[in-house]
Amino acid sequence: MVDTMIISLILVMMFILGAVFGSFACCQAWRWRYHATKQKELGQWSVCMHCKKRIKWYDNIPIVSWLILRGKCRNCGKSIGIADLLSEIGLAVAFLMLSWAYLVPVLNNWTLLSLHPEFLAIQLAVFVMMLMMLVVLTVLAVYDAKWGELPVVLLTLAILFGAIIFVLKMKEVSLSDEADLLRSLGNAALGVLVLAGTCFVIYKASKERLMGGGDWLLALALALALADWWLALWTIFLANLLGDVIALPGAMKKKSHVVHFGPFLVVAFVIVLVLGNCLPLLIKVGF
Ligand SMILES: [Zn+2]
């Protein structure tokens with residue numbers, strides 16, 4: 001067991017790191033938008049979208065600055081938008097929860113794991129890859145929420161991260177028991193079918209009203225990273241539940257029945273990633 005103080009310190013650090021990356025992800029979404037719509041490059045620094053004035057460093061502290069300024073530009077007083085705050089808090093909480101679910105168990109079993117360095121390396125690599133994938137997913141979620149699109153380059157990047165996590169997980173299985181590999185591959189393939197397949201069917205059947213063409217590719221990235229049909233099923237279930245509760249009432253009112261499903265898929269994915277590693281019940285029912 002590692003000292004509780006050290007664990008707490010690491011979790012606080014991960015929360016701050018997540019907030020910083022959340023701020024970064026939101027900026028990246030804007031950059032992609034400017035790039036895609038061929039508008040003038042915003043340059044290296046964050047500027048206000050309304051008055052184009054550069055934002056001072058002390059007004060650019062993740063979460064804190066937004067709360068102090070109450071979401072308004074200090075110069076022109078126009079709204080910055082809730083997306084910044086949501087992506088900062090969202091990624092901060094996600095980093096914290098994933099560290100708790102994946103990093104803390106590794107630290108607690110460090111002595112045992114260091115006897116098998118290949119397991120230790122794989123588990124740490126999976127954890128780091130998940131964090132990196134989450135940053136890409138946050139950019140996608142912000143982009144989808146704001147402009148209702150999922151840029152292909154970012155989707156490809158997410159699928160790449162998903163594939164790397166998939167390969168690492170399969171490597172871990174083959175290290176512990178070669179005979180389990182085929183079963184795990186089948187399990188992962190079924191997961192892809194459940195998650196990406198469902199999204200693809202909804203996309204085709206609803207003629208892009210309920211789901212866009214990018215959503216099933218996003219789902220493919222998530223399914224690869226999960227590599228488990230039971231977790232995949234939970235993800236699609238939770239995403240639909242969140243979408244129904246949060247987005248549908250608004251979409252109905254506006255009579256534009258377009259629901260941007262990407263953000264809900266990403267949130268559901270994080271919840272399942274965290275719980276999937278903590279609640280044995282959730283996975284042990286499997287296959
Ligand atoms: Zn301004």
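Helices, as I use the word here, are DSSP runs of H or I with at least four residues, numbered from the N terminus. One reminder to myself before starting: this is a predicted model.

**Entry 1**

I started with Val 20, which is found in helix H1. I looked up its accessibility and got a relative accessible area of 42%, so Val 20 is partly exposed.

**Entry 2: the zinc site**

Next I went to the metal. Which atoms hold the zinc ion? I found the SG atoms of Cys 48, Cys 51, Cys 73 and Cys 76 as its protein donors, lying 2.3 Å from the ion. Along the chain, the donors follow the spacing C-x2-C-x21-C-x2-C. Cys 51 sits in the loop between H1 and helix H2 (64–69), while Cys 73 sits in the loop between H2 and H3, so this pair ties together parts that are 22 residues apart in sequence.

I also looked at the geometry. The four donor atoms subtend angles of 104 to 116° around the zinc ion, so the arrangement is tetrahedral. For comparison, I noted that the ideal angle for four tetrahedral donors is 109.5 degrees.

How accessible are these cysteines? Cys 73 is buried at 12% relative accessible area, whereas Cys 51 is partly exposed at 27% and Cys 76 is partly exposed at 31%. I searched for disulfides as well and found zero in the structure.

**Entry 3: salt bridges**

A search of the whole structure gave me three salt bridges.

- Arg 33 pairs with Glu 149, and their closest N and O atoms are 3.9 Å apart. Arg 33 is in helix H1 and Glu 149 is in the loop between H5 (117–147) and H6 (152–176), so the pair ties together parts 116 residues apart in sequence. I have Glu 149 down as partly exposed, at 43%.
- Arg 74 meets Asp 59 at 2.7 Å, N to O. This pair links the loop between H2 and H3, which holds Arg 74, to the loop between H1 and H2, which holds Asp 59, 15 residues apart. Arg 74 is exposed at 53%, but Asp 59 is buried at 12%.
- Arg 183 meets Asp 180 at 3.7 Å, N to O. Arg 183 is partly exposed at 47%, and Asp 180 is partly exposed at 28%.

Conventions:
Residues are numbered from 1 along each chain as its sequence is written. This is a predicted model: local features need pLDDT of at least 70, side-chain atom pairs count only at pLDDT 80 or more; totals for chains, interfaces and linings use all residues. Side-chain values use heavy atoms; hydrogens and water are left out. Helices (H or I, at least four residues) and strands (E, at least two) are DSSP runs, numbered from the N terminus. Buried means under 20% relative accessible area, exposed over 50%, partly exposed in between (1.4 Å probe, protein chains only). A disulfide is a pair of cysteine sulfur atoms within 2.5 Å. Donors are N, O and S atoms within 2.8 Å of the metal (3.2 Å for Na, K and Ca); water is not among the atoms, so sites may look incomplete. Four donors count as tetrahedral if all angles lie between 85 and 135 degrees; four count as square planar and six as octahedral if opposite donors are over 155 degrees apart and all others between 65 and 115; anything else is irregular. A salt bridge is a side-chain nitrogen of Lys or Arg within 4 Å of a carboxyl oxygen of Asp or Glu.
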